[in-house]
Amino acid sequence: MQLLKERIRKDGKIMAGNVLKVDSFLNHQMDTELFQEIGKEFRRRFADVQVNKILTIEASGIGIACVVAQSFHVPVVFAKKTKTKNIAGDVYTSKVESYTHGRVYDIIVSKEFLGKGDKVLLVDDFLANGKALEGLAALVEESGAELAGAGIVIEKGFQVGGNLIRSRGIRLESLAIVESMDEKTGTIVFRGDEA
Ligand code: 5GP
C-alpha cells in the first residue's frame with residue numbers, strides 16, 4: 001500500500017532493538033483518515049470472504065480495528081490483557097509474549113462475544129515474531145469460530161512472524177512489509193522495493 005509506505009518513510013523512526021516507531025500516525029497519535037484507507041485496502045484484499053467479526057488485541061490494535069471494521073460493517077472484539085486469570089465469567093484464554101515489553105501475559109475474550117458460527121478477521125498494527133497473532137488465533141480456535149485470516153498494517157519481514165503465521169496456513173495480508181531498516185542511516189527498504 002503505497003500511501004502507507006510513504007508515510008512510514010516520512011514519519012517512522014527506527015529505534016534500537018528492531019523497533020519501528022510510528023506513534024505520530026499509527027499507535028499513539030492516530031491518523032484516522034489513513035486508517036480509513038487501511039480499512040478499504042483490507043476490505044479489498046479480503047473481498048472474497050464473509051467476515052462477521054474483527055478481533056484485535058489491546059491496546060494499539062483497537063483504534064485501527066475500529067476504523068477497519070467500518071469498512072466491513074461488522075463489530076470489533078478486542079482481547080484484553082490481564083494478570084489475573086480468575087476473572088469473573090466465562091472466558092477463552094491464551095498466552096502472549098509481548099514484543100515491546102518482553103513479558104508473558106494472559107489474554108482473554110468473553111465467550112459471549114466469540115463462538116461457533118463466527119468468521120473472524122484478526123487485525124493488528126505490527127507483526128514481528130508472531131506471538132500476538134498466534135495468541136489471537138488460539139482464542140479463535142478455542143471458541144470454535146472460523147479464522148478467515150489476518151490483516152497486519154506493518155510486517156517486519158526480517159523477523160520470524162510472517163513465515164510462522166503463513167506456514168500455519170493462516171491467510172495473512174500485510175499492507176507494508178519492511179525488509180530491512182537501518183538505525184544509523186534511517187533507511188527503510190520495503191518488500192517489492194528491491195528491484
Ligand atoms: P509479535 O507478537 O508479532 O512479536 O509482535 C507484535 C506486537 O508487538 C504488536 O501488537 C505491536 O504492538 C508490537 N510490536 C512489535 N514490533 C513493533 C515495532 O517495531 N514497533 C511498534 N510500535 N510495535 C511493535
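**Reading the interior**

Tutor: Let us begin with a single residue in this predicted model. Leaving aside residues up to four places away in sequence, Leu-26 touches Phe-35, Ile-38, Ile-64, Asp-125, Phe-126, Val-153 and Ile-154.

Student: Which residues of the largest nonpolar core touch the most other members?

Tutor: They are Leu-4, Leu-20, Leu-26, Ile-38 and Ile-54, in a core of 35 residues. Among the elements that give two or more residues to this core are helix 1 (2-11), helix 2 (32-45) and strand 8 (146-156). Helix 3 gives the most, with six residues. A second, separate core has 24 residues, including Ala-79 and Tyr-105.

Student: Which residues of helix 2 are buried, and where do they lie around the axis?

Tutor: A residue counts as buried when its relative accessible area is under 20%. In helix 2, this applies to Leu-34, Phe-35, Ile-38, Gly-39, Glu-41 and Phe-42. They cover an arc of only 165° around the axis, so they are on the same side of helix 2. The buried residues pack against helix 1, helix 3, strand 8 and strand 9. Exposed Glu-33 and Arg-44 are carried on the face turned away from the buried side.

Student: What caps the N-terminal end of helix 2?

Tutor: Asp-31 does, with a side-chain oxygen 3.1 Å from the backbone nitrogen of Glu-33.

Student: Is Glu-155 buried or exposed?

Tutor: Glu-155, in strand 8, has a relative accessible area of 2% and is therefore buried. Its contacts include Leu-127, Arg-166 and Ser-174.

Terms used. Residues numbered from 1 in each chain as written. Predicted model: local features only at pLDDT ≥ 70, side-chain atom pairs only at ≥ 80, totals over all residues. Heavy atoms only, no water. Core = buried A, V, L, I, M, F, W, Y, C linked by side-chain atoms within 4.5 Å. Buried < 20%, exposed > 50% of the residue type's maximum accessible area, 1.4 Å probe, protein only. Helix = DSSP H or I, 4+ residues; strand = E, 2+ residues; numbered from the N terminus. Contact = heavy atoms within 4.5 Å. Arc of directions from axis to C-beta. Polar contact = N/O pair within 3.5 Å; in protein donor to acceptor, adjacent residues only side chain to side chain.
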